[in-house]
Amino acid sequence: MPTMTPQNPNLAREHFLLLVLATLWGSSYSFIKIGVETIPPLTLIAARTLIAGGILLAVLRRRRVRLPRDGATWRRFFVQACLNSVVPFTLIAWAEQSVDAGLAVILNSATPIFTFLLTVLMTRHEQVTLRRLFGVIAGLVGICLVIGVEALGGLGESLMAQLAIILATICYAGAAIFSKNFKGLDPAVPAAGSLISGAVILLPMSLVVDQPWELNPSAASMLALLALSAFSTALAFTIYFRLVQTLGSVGTTSQAYLRVPIGVAIGIVFLGERLSQTAWVGLVCVISGVAAMTIPARRDATQARNA
């Protein structure tokens, strides 16, 4: 049985991990919404990066995997931290003080669009095909069908908060592309390195701005913070860096399409919500879009192996 490598991935396993990642990140918006009720956004995200980074450090130590010590790698960790945690995490947490978690999910699901555009305009490290273009369009159509066009009716409200989420989405797209610089590293290493770097940036800011020792967070906010840190950050980042190596940056960010239907499914199971026939058609479109963007064509795979 061949060993899975970035050049020879087990696609069934990688797509399952893509679903897991979408679930972990899809739930993060609800955790953030609960967290910012009694914890300021800057402090919430500083604690998130610190706790998640600490968890990953403990995992690496147990596995006897060491973090790199060279300055060049750590500079890349700091860049990755700004693109993938410091800026987007803080913007989304700030925005969710006035924007519903569901609307945040919709706006943030545009990550693959920006990744696609950035690869076309800047890096061109992934081949742009009609099939991937179809994936982008099908995913967006699916989101509109699942949620309903009327769900976007609130775009005029809290404009600054919504623009902040869009900016966070662009940061995520840049992070997906920049993550290619960590090829050859254990996926938990850049995850831990970038989170630690993010904590180093955010903690001093939190101490100065929020004075967290004077806060009185609720139990619900603290539990949300722990879940956000352990599952939606530490575990999710490890999966994320693995998928960037096996499915590519555009393929990995396509999990953004899955966040919305997962949120709808949670509503059906736990809140008694119902899906319309149009929404079910949307789910099919979303799945089709993800498949089109993440399953490599045989010729693409052959070219990647020969590159």
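Biologist: F237 is buried, and F241 is buried as well. What makes a residue count as buried?

Modeller: Buried means under 20% relative accessible area, with exposed over 50% and partly exposed in between (1.4 Å probe, protein chains only). Before we go on, this is a predicted model, where local features need pLDDT of at least 70, side-chain atom pairs count only at pLDDT 80 or more, and totals for chains, interfaces and linings use all residues. Residues are numbered from 1 along each chain as its sequence is written, and side-chain values use heavy atoms, leaving out hydrogens and water.

Biologist: Why does S28 count as buried?

Modeller: S28 has 6% relative accessibility, and the cut-off is under 20%, so S28 is buried. Leaving aside residues up to four places away in sequence, S28 touches R48, L228 and S232 (contact means heavy atoms within 4.5 Å).

Biologist: Why is the pair of F178 and F182 called edge-to-face?

Modeller: Rings of Phe, Tyr and Trp (its six-membered ring) pair if their centres lie within 6.5 Å; planes under 30 degrees apart are stacked, over 60 edge-to-face, and the rest tilted. For F178 and F182 the centres are 6.2 Å apart and the planes at 75°, so they pair edge-to-face. F237 and F241 are also an edge-to-face pair, at 6.3 Å centre to centre and 70° between the planes.

Biologist: How do you know that the charged end of R48 sits over the ring of F89?

Modeller: The rule asks for NZ of Lys or CZ of Arg within 6 Å of the ring centre and within 35 degrees of the ring normal. The charged end of R48 is 3.6 Å from the centre of the F89 ring and counts as sitting over it.
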